[in-house]
Amino acid sequence: MTITPRLADLPPRQGTWLEIDLGAQSLTVWEADERRETFAISSGARGIGQQEGSGQTPVGWHYVRAAIGDGLPRGSVFRGRRPTGEVFSPDLARQYPERDWILTRILWLCGLERGVNRGGDVDSQRRYIYLHGTPADQPMGVPASHGCIRLRDAALLSVFAAAPPGTPVWLHD
């Protein structure tokens with residue numbers, strides 16, 4: 001059962017939480033007030049924004065609503081949050097050059113702040129905002145996604161192991 005964090009309790013004084021700094025293009029895994037690991041990310045190429053259909057990355061407090069893909073091989077391809085049975089390869093990329101590749105694992109985010117990233121046309125969950133894997137040839141450290149947070153496989157697998165459903169996530173500039 002996923003426990004939804006309360007805004008009044010954030011950042012948490014105990015337990016794991018994630019900080020995504022969109023200005024620095026980094027994700028930090030925290031254990032209470034102790035920094036555990038930091039990874040490069042790639043956020044929305046269109047910048048920061050809450051609006052549905054904007055292609056921008058939302059800010060504010062979120063939590064991991066669902067963790068998808070546990071046990072699948074690295075490079076597993078997802079469409080509509082379901083594994084396709086494919087594993088990413090350069091040949092597959094040449095076959096489907098227009099695909100926005102969602103690989104390896106998905107951590108699906110849900111907003112916690114009504115009117116900011118939850119509800120109406122600013123709802124992060126309904127916008128399908130994820131942390132997910134991306135092909136090795138895609139840049140890290142610069143905004144390049146369609147609004148999600150992209151990570152390298154090794155980083156994503158580490159974050160996936162540390163951040164089960166219910167984990168608070170703070171996205172900011």
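Leaving aside neighbours within four places in sequence, Leu131 is in contact with Leu18, Ile20, Leu27, Arg105, Ile106, Leu107, Leu109, Ile149, Leu151, Leu156 and Val159. In this predicted model, Leu131 is also named, together with Leu18, Ile20, Leu27, Leu151 and Val159, among the residues that have the most contacts inside the largest nonpolar core, a set of 21 residues. The points below begin with that core, turn to the chain as a whole, and then take up individual residues.

**The nonpolar core**

- The largest nonpolar core has 21 residues, and those with the most contacts inside it are Leu18, Ile20, Leu27, Leu131, Leu151 and Val159.
- Two or more residues of this core come from each of strand E1 (16–21), strand E2 (26–31), strand E7 (102–111), strand E9 (149–151), helix H2 (153–162) and strand E10 (168–172).
- The element that gives the most to this core is H2, with four residues.

**Fold and overall dimensions**

- The chain holds two helices and ten strands, and read from the N terminus its elements follow the order β-β-β-β-β-β-α-β-β-β-α-β.
- A compact globule of 173 residues would have a radius of gyration near 16 Å, and the 15 Å found for the chain agrees with that expectation.
- The C-alpha trace of the chain spans about 50 × 30 × 30 Å along its principal axes.
- Where contacts between residues at least 6 apart in sequence are considered, 64% of them join residues at least 24 apart.

**Burial, surface and charge**

- Of the 173 residues in the chain, 47% are buried.
- The chain exposes about 8500 Å², of which carbon and sulfur atoms supply 49%.
- There are 19 positive and 19 negative side chains in the chain, and the centres of these two sets lie 5 Å apart.

**Backbone features**

- The peptide bond that joins Leu10 and Pro11 is cis, with omega at about -5°, and Pro11 is found in the segment before E1.
- Gln25, which is placed in the loop between E1 and E2, has a phi near 55°, a positive value in a residue other than glycine.
- Which side of the burial cut-off does Gln25 fall on, buried or exposed? Gln25 counts as buried because its relative accessibility is 4%, and the cut-off for burial is under 20%.
- Tyr128 is not a glycine either, yet its phi is positive at about 60°, and its place is in the loop between E7 and strand E8 (130–133).
- Tyr128 counts as partly exposed because its relative accessibility is 39%, a value to be read against limits of 20% for buried and 50% for exposed.

**Strand E6: Glu86 and Val87**

- Val87 lies in strand E6, which covers residues 82–87, and the place of Glu86 is in strand E6 as well.
- With a relative accessible area of 42%, Val87 is partly exposed.
- Apart from neighbours within four places in sequence, Val87 is in contact with Pro73, Arg74, Gly75, Ser76, Val77 and Leu92.
- Glu86, when residues up to four places away in sequence are not counted, touches Gly75, Ser76, Val77, Leu92, Tyr96 and Arg99.
- Val87 and Asp121 are 34 residues apart along the chain, and their C-alpha atoms are separated by 33 Å.
- Glu86 and Leu151, which are 65 residues apart along the chain, have C-alpha atoms separated by 19 Å.

**The loop between E3 and E4: Ile48**

- Ile48 lies in the loop between strand E3 (34–40) and strand E4 (60–68), and at 36% relative accessibility Ile48 counts as partly exposed.
- Not counting residues up to four places away in sequence, Ile48 touches Leu22, Gln56, Thr57, Val59 and Asp173.
- How far apart in space are Ile48 and Pro143, which are 95 residues apart in sequence? The distance between Ile48 and Pro143 is 9.8 Å, taken from C-alpha to C-alpha.

Note on methods. Residues numbered from 1 in each chain as written. Predicted model: local features only at pLDDT ≥ 70, side-chain atom pairs only at ≥ 80, totals over all residues. Heavy atoms only, no water. Rg over C-alpha atoms; globule rule 2.2 N^0.38 Å. Buried < 20%, exposed > 50% of the residue type's maximum accessible area, 1.4 Å probe, protein only. Contact = heavy atoms within 4.5 Å. Areas by Shrake-Rupley, 256 points an atom, 1.4 Å probe, with all protein chains shown as cover. Lys, Arg positive; Asp, Glu negative; His and termini not counted. Charge placed at Lys NZ, Arg CZ, Asp CG, Glu CD. Core = buried A, V, L, I, M, F, W, Y, C linked by side-chain atoms within 4.5 Å.
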